[in-house]
Amino acid sequence: MTTMAPAVRFTAVHKRFGAVEAVAGVDLEIARGETLALLGRNGAGKSTTISLLLGLDQPDGGRVELFGADPARAVRAGQVGAMLQDGHPIPRVTVRELVAFVAATYPHPMATGEALALAGIEELAARRVDRLSGGQAQRLRFALAVAGNPWLIVLDEPTAALDVEARRAFWHSMRAYAARGNTVLFSTHYLEEADENADRILVLDRGRTVADGSGEQIKRAVGGTLVSFDLAGRGTEGLRSLPGVTGVEVRGDRALLRTGDSDATVVALAAAGRVRRLEVTPARLEDAFLSLTAPLAAEDRDRTGQCTADVTGNATANTTANTTANVIARGAVR
Amino acid sequence: MNRRLTPVLRYARLEVRRTLRDAGYVITSVAVPLAMYLLFTNLGAGDDAADKADYARYAMIGMAAYGALGAALGIGTGVAEDKGRGWLRQLRVTPLTPLQVVAGRALTASVVVLPALVTVLGAGAAVNGVRLAAWQWVAVAGLLWVGTVPFTLLGLGNGYALSAQATGVVSMASMMGLSVIGGLWIPPQVFPRWLAAVSRWTPTRRFGDLGWSVLDHRGPGLGTVVVLGGWLLVFAGYAVVAYRRGARTA
């Protein structure tokens, strides 16, 4: 029965564009009321997945259902609202006029003022759409997604191009809408956003689901702990076979060991006399994400540690602000 | 009100507001035809009062038709812009169907051609002293209004088939070219014979004839109805094909 059907169900969904398999067999179920983050790099298949979900594209194989029905039917019935990446509102109409119009296309819309309040743009109601700043336009697009009071809202990279303050305001609005019992799916390539704002994270890589669970679960699944120390000029031979170790990376003069049993690994390192500036840190979501979606396949990565170290190093540099807190929380062993 | 119709009306209302606030629309479809009408009929129109009155009546229809033509084709530019900015795609994730979107646009066209028509006809009566029987005013306005339908379809076809920039260029070229050859600016009686022959087959000539025929105290002839009906079918076919290609992928 459709009343009990999940909000979203993907069954072995495939979509190909020429030689590129954009979505390569995704199975996915989102319960009603759940907030799910679709996390992946550019080109991982997030936008294609969203297009398929909204019925804007048809899958080559498999089945997509929203509330137990064809996506087009759910959209027609007003059960879905969306904020697309390139859905720029029309000029020369006011914010209120546009939101009221979109709301009226739905069977049970919320009051226009309520949609504006939820998006935090009440004071812009009389302003013309073409005179909004980038951040204001983004919030208008959120208002358009929720104006019809749909059960499910889909947000494709909703915070791209927003500054920190606008981003915080945006997630506040999103959580308020989710808290009403609605289902939310958003895509992002910011890990912190996924971790902070979603009940569940689905990591996509090259059109495939590579992880699915809470932020905690994903961190745990990918290999609990990192043990790092200075190589002090010595090589990495033998490290891979130490007890508990599942992966070895080199960043500059430091070795990073991913381990499932940090105690055993540290004892073995101590026995070998390799403890200079030794640190034990819990794996961060960034580490988990990078190890899940690194451009090289997992088996290649272990063989070419130096190459991975570059990739990881660059990515880490980009998230320096965020890692500071983690660094402070580290338990250092000397 | 009908549940399927209401969203179309609301969409048309939104689009009409947006169009009336567009300086480009006001200039191209209202101000320029009006200015051209007043200039052509009052500068160098000769001294003969009868000739002048005759030209004032003739050009009133031609320029009203010219303005309405611009407004109808302009609908396509809006569609192409919305396609480019992803707005048509955004509309596809609302309960509005693509067909309702097209219907709303067509309805918008039927409203925004009116200022173009009324302005020039009004200038004819108020400034140039054109005197017609009441039924003639009603018939001229009504027939020209209905006669914009083929051009709205051409505009919609352009909008779905082409990019915003290409639609702008094609619309402007069609507007100018069809207006000249169709005799909306200059009476086809002064055309060379070959051009006069071509002119008879253009949609704009027949569009103008809807109004001119009323000045002669008769309705549009069978030839006008048949030729304009033929263009209506051609442009409708074009719009349907363009829409099927454009709206699905928008």
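This note covers confidence, overall make-up and two local regions of a predicted model.

1. **Confidence in chain B.** The mean pLDDT of chain B is 93. A score of at least 70 is reached by 95% of its residues. By element, the highest mean in chain B belongs to helix 6 (residues 134–147), at 97. The lowest belongs to helix 11 (residues 222–249) of chain B, at 91.

2. **Make-up of chain A.** Chain A holds 13 helices and 14 strands. It has 334 residues, and 54% of them count as buried.

3. **Contact range in chain A.** Take the contacts between residues at least 6 apart in sequence. Of these, 69% join residues at least 24 apart.

4. **Strand 6 of chain A: cover.** This strand spans residues 152–156. It is mostly covered, with five of its five residues buried. A:L152, A:V154 and A:D156 point one way. A:I153 and A:L155 point the other way. Both sets are buried, A:D156 included.

5. **Strand 6 of chain A: neighbours.** Strand 5 (residues 80–83) of chain A runs parallel to strand 6 of chain A, and four bridges join the two. Within this pairing, A:V80 has A:L152 as its bridge partner. Strand 7 (residues 183–188) of chain A is also parallel to strand 6 of chain A, joined to it by five bridges. Here A:D156 stands opposite A:S187.

6. **Crossover.** What handedness does the β-α-β unit of strand 6, helix 6 and strand 7 of chain A have? The unit is right-handed. Its helix, helix 6 of chain A, covers residues 164–178.

7. **A:T259: setting.** A:T259 sits in strand 12 (residues 254–259) of chain A. Is A:T259 buried or exposed? Its relative accessibility is 0%, so A:T259 counts as buried; the cut-off for buried is under 20%.

8. **A:T259: polar contacts.** The side chain of A:T259 has polar contacts with backbone atoms of A:G244 and A:D261. With A:G244, the side chain of A:T259 reaches the backbone oxygen at 3.3 Å. With A:D261, a polar side-chain atom of A:T259 lies 2.9 Å from the backbone nitrogen.

Notes:
Residues are numbered from 1 along each chain as its sequence is written. Chains are lettered from A and ligands numbered from 1 in the order in which they are written. This is a predicted model: local features need pLDDT of at least 70, side-chain atom pairs count only at pLDDT 80 or more; totals for chains, interfaces and linings use all residues. Side-chain values use heavy atoms; hydrogens and water are left out. pLDDT is the predictor's confidence in each residue, from 0 to 100. Buried means under 20% relative accessible area, exposed over 50%, partly exposed in between (1.4 Å probe, protein chains only). A polar contact is a pair of N or O atoms within 3.5 Å; within protein, one must be able to donate a hydrogen and the other to accept it, and residues adjacent in sequence count only if both atoms are side-chain atoms. Two strands pair if DSSP finds at least two bridges between them. A crossover is right-handed if, with the strands pointing away from the viewer, the path from the first strand over the helix to the second runs clockwise. Contact means heavy atoms within 4.5 Å.
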